[in-house]
Amino acid sequence: MLRFDFLNARNLRHAISLLERHGDEARAVAGSTDFLVRWRQSGPGRWRPAFVVNIKGLSGLGRITYSPQNGLRLGALATVQAIETNAQVRRRYQALATGATSFAGVQVRNLATVGGNVCNASPAGDTLPALLAFDAQCAIVGPEGPRMLPLTEFFQGPGRTALQQGELLTQLTLPPPTPRTGSIYIKHSPRGAMDIATVGVASVITLEEDGATCKDARIALGAVGPVPFRASEAENLLKGRELSPDALGQAAEAARNAATPIDDVRGTAAYRKDMVEALTRRTLQHALRIAGGQRVPFEEQRRLAVQTAF
Amino acid sequence: MTTFKVLEQNNPRVDAWEKVTGRATYAGDVYLPGMLMCKVLASSRSHARIVSIDTSKAEALPGVRAVITGADFPEIRFGSGALKDRYILARDKVYYIGEPVAAVAAEDEITAQEAIGLIDVEYEDLEPVVDPLVSLRAGAPSVHPDLESYEGYGFTIEGGNICTLLDADRGDVDQAFAEADYVFEDTFRSQGINQGFLEPMACVASVEANGRLTVWASTQGPYQVRAQLASVLDMPLSNIKVVPMELGGGFGAKLRLAFEAYPALLAMKTGNPVKLINTREEVFTLNGPRHPVTNYLKTGVNKDGAIVAREGYTIFDVGAYLGAGPNSGIGHGLGAYDIPNFRLRSYAAYTNKVYVGSYRASGVADMTFAVESHMDIIAHKIGMDPLEFRLKNAIKEGDIAVNGSRVPRNGLAECLAAVKERLGLPRELPEGHGVGIALCEWRSGAGPSTAAISVNEDGTVSLLTGSVDISGSDTSLASIAAEALCIGMDQVIVAKRDTDLAPFTGPSGGSRIVYSQGKAVELAAEDTRNKLFALAADRLGVPADALVCAEGRVYVQDNPPQGYTLGQLAAMSVNSRFGPIVGNAALSTLPYAPVFSAQAAEVEVDKETGQVKLTRYVQCQDVGVAINPMAVEGQLEGGAVQGIGRALTEDMLFDPETGAVRNPSFATYLMPLALDLPELETLMVRVPSEDGPFGARAVAEPPGFGPPAAIANAIYDAVGVRIRELPLSGERVLAALRGEGSDVAYIGDELDELKRAEGLAG
């Protein structure tokens, strides 16, 4: 059915009751940048809900706050543009800022929300690898009350999440980065904007006080599996080691081995694996530069993040 | 050079105000009382017999006013050209996934869409054929087994899927190959391309009180739509008025009848006006795109770089119904070169895919990619500079072109020289960077053209032509009239036309409007001027040849105060013995007038990802005279961008089993955006044409031809790999860098079979 009832949620409780009542027949929308496209399309993957629950008007869910104790809190309704331009995000969570800046185009970023990008659960979502790499926790509210869930457990498959009937994602929390941390997201896509990632890689590097040894490494991959995920083996190859080009190359190869992409209209599985290796190595190189204290202006990060403008 | 008052100036478009304020009306903006909405049911099968169609549930849905199937139309086939190989709505068979099978008119669009979902079609599947190289072979499933019974049928070869074979021969090719110092052969393959116009197809049909049918359409060819619509509805064409609305891009896709017949028949059945607007998905799946072209080229060259022979076999996949393209297989098989001996063959093969449509000189971009890549390969192999190799073989004034016509004066050599100078070629670039060139040629569009000009009492003129405005052509036509009539641009009113009002003219396509329609306007303006001069001469008592005009006045050359304004003459004319002043002109065609463009790309190749970044793009075209340099530059840039998309990212993907379009959206069919483009450097040379208006030449087609070859050649220069298949994606380049075979397969075996069928030695 193309027809749907458009229900405006007045507050969080109302939204939850609407979603609980209508179950699988309902879909929550905020920016609607995914919804309108999927609703219009006719083939497989189309969305034809009977009820559309608009949560965009819910107050207090669009805030972005940072504190050294609690880290970064992203309200689910924070727009991708707000994240991209947030000074704290740019300063401390470069991979998230670069993920946001590589996302679609400015008009879409102004509408799309981070909660929508997470709940859409596309393996190619541009904010997702960075959120995973920063160990984001999901705050979920539902009929049974609130609960927290690590983002790594939130994604269940393409388009499928851990949300139960009537539940809403309300906030994402990212722990404060430790000193000497640098990160970046690099997206490979044929076009420089308004394109979906063929492969996306986010890497976060934290150095020991010696400025050379890797204290922590986190690598997350997008568009090369049913869900975006952390390449743990690649991470483990780096922890406690000095980050020589060889070490980065080994991690990149491990990331490649962790990828399980498919062939689709955006590229073959084999090419995607090649890109995982190339992009992992590049993200690690740049994350290392930033962790080592090199100042990399946002405009340069942006050029690095959008692969076509290498 | 002639000094112009209006031409060669950057005049704003005559429709700029209505366009930028959003007031221009497109077909989708037409709203009529009681108007119904139409939706189309598309075939879900590649190739099937229709056993039955049950529309009863759809008809019973509240709000549905009528449902039509193929059986509601007269049993009349039509076609893009002479061969009539398709029904407007599927009758007993479907030939591709997406083919319209039924249409609904309902009180709103959603009800119409819901009704579509309630139509039950029972199919009996037939074996489809998707690959044109398979389709060519004897024994392949036959797409149109009854082809011989179709009107306009010419011949079939063996399996019967070959619906066109064109040939062009000169000299003794086999002898020339035998004597040549070197012989090179290559196979190239281009990809499926969507025209990418922003305004989807849209139309409204209404039956007037007098019984005539009015159709408001998004079309480049109102007279063609009228004729084809009359044919499929089996009614006199004089019963139909087509009103072409503002065109939101067409690029050839809107040259002919598209979906206008469904709202038309539904309007006749219901008595209400009916509107249809395609979704973007329908634009990709129902509306003829371009299919891949496979090109085999063989060239004999002597040590001094002179090309002595060319053999070319081009295979056009036309999908389910024959459309434009195959002509270019022979017309452009030599490129812009003088080659004494050649054998060119162009095949069109049916497949079970959406029928092929027209797009910006259909097929020539595919030919140019093959020919200009092949030229580059040869130049490198014989150790000659690619630009010098082209210049050595370039066609010149007085040579005989492939079509048998004498080549008139032209600016080909000047274009190559301008690009060479701009880039400082030959040029060494840093590691991973490269430069490549391509030479493009187009014959210029001609065809029937008409124009009428009447002079108003306030000194303005009203210009009436039947041609639809396409990329600012109304502005150019107004400029030509203004220049010829010694008035300003703002003194020319360009009438909104329809098929009742304006005289017949050919469609807006093939770079034909300014060149050919513009010539008609120039001639109509001359006719008008002669009449103005005759009246002025009569009233002033001087011979007409003593008169000149300037700034809206006709006056005695030796005594400027003695004269009249155009307004005065128009007012006088009403009661003069000559009557009101109206000038007109009609012409059928113009002589062969090729137009040339030289293009160059600079790229940077990322060796780890294969990604190609275009860092510079230079083009130079011989425009003859720039009617409006700003508009010419816009067309040249727009064309280059379309070609850059074709080179790098655009790729319509078809399922190899079913022929279904796999990426029917702008999210998956990637056209270049501003961020993907370097600053485009556009140069013009001006060698006036012999017949165009004020010496102008056709502009729009050539700029789009060059980028695929120029960029492929630049990639070779940068990293030493040759990509023979479009698009030049990161994946292909990376595979080639690793020495993996991403290359298009050699088609020698298929050719042997084709040659045997033709009686040539395989």
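Cys486(B) is buried, at a relative accessible area of 15%. This is a predicted model, and Cys486(B) forms a disulfide with Cys549(B) in it.

**Disulfide**

- The count over all chains is 1 disulfide.
- The bond runs from Cys486(B) to Cys549(B), with an S to S distance of 1.7 Å.
- The two cysteines lie 63 residues apart, so the pair links distant parts of the chain.
- Cys486(B) sits in the loop between α13 (473-485) and β19 (492-494) of chain B.
- Cys549(B) belongs to strand β20 (residues 547-550) of chain B.
- Cys549(B) also counts as buried, with 17% relative accessibility.

- Cys415(B) is in no disulfide. Its nearest cysteine sulfur is that of Cys620(B), 4.0 Å away.
- Cys620(B) is likewise in no disulfide, and its nearest cysteine sulfur is that of Cys415(B).
- A disulfide needs sulfur atoms within 2.5 Å.
- Cys415(B) is buried, at 0% relative accessible area.
- Cys620(B) is buried, at 0% relative accessibility.

**Helix α14 of chain B**

- Helix α14(B) covers residues 513-540, which is 28 residues.
- At 1.5 Å a residue, α14(B) should span 40 Å. Its end C-alpha atoms are 38 Å apart, which agrees.
- A kink of about 25° is centred on Lys519(B).

**Nonpolar cores**

- The largest nonpolar core holds 73 residues. Val603(B), Ile711(B), Ile715(B) and Leu728(B) have the most contacts inside it.
- Helix α17 (residues 707-719) of chain B gives the most to this core, with 8 residues.
- Beyond four places in sequence, Leu728(B) touches residues including Pro708(B), Ile711(B), Ala712(B) and Ile715(B). Val612(B), Ala647(B), Leu648(B), Ile723(B) and Val733(B) are also among them.
- A second, separate core has 58 residues. Among them are Ile480(B), Val521(B), Leu547(B) and Leu569(B).

**Asp15 of chain B**

- Asp15(B) lies in the segment before α1 (16-20) of chain B.
- Asp15(B) is buried because its relative accessible area, 5%, is under 20%.
- Its side chain makes a polar contact with the side chain of Arg13(B), at 3.1 Å.
- Leaving aside neighbours within four places in sequence, Asp15(B) is in contact with Glu246(B), Asp469(B) and Thr475(B).

Key. Residues are numbered from 1 along each chain as its sequence is written. Chains are lettered from A and ligands numbered from 1 in the order in which they are written. This is a predicted model: local features need pLDDT of at least 70, side-chain atom pairs count only at pLDDT 80 or more; totals for chains, interfaces and linings use all residues. Side-chain values use heavy atoms; hydrogens and water are left out. Helices (H or I, at least four residues) and strands (E, at least two) are DSSP runs, numbered from the N terminus. The expected span of a helix is 1.5 Å times one less than its number of residues. The bend at a residue is the angle between axes fitted to the seven residues ending there and the seven starting there. A nonpolar core is a set of buried Ala, Val, Leu, Ile, Met, Phe, Trp, Tyr and Cys residues joined through side-chain atoms within 4.5 Å. Buried means under 20% relative accessible area, exposed over 50%, partly exposed in between (1.4 Å probe, protein chains only). Contact means heavy atoms within 4.5 Å. A polar contact is a pair of N or O atoms within 3.5 Å; within protein, one must be able to donate a hydrogen and the other to accept it, and residues adjacent in sequence count only if both atoms are side-chain atoms.
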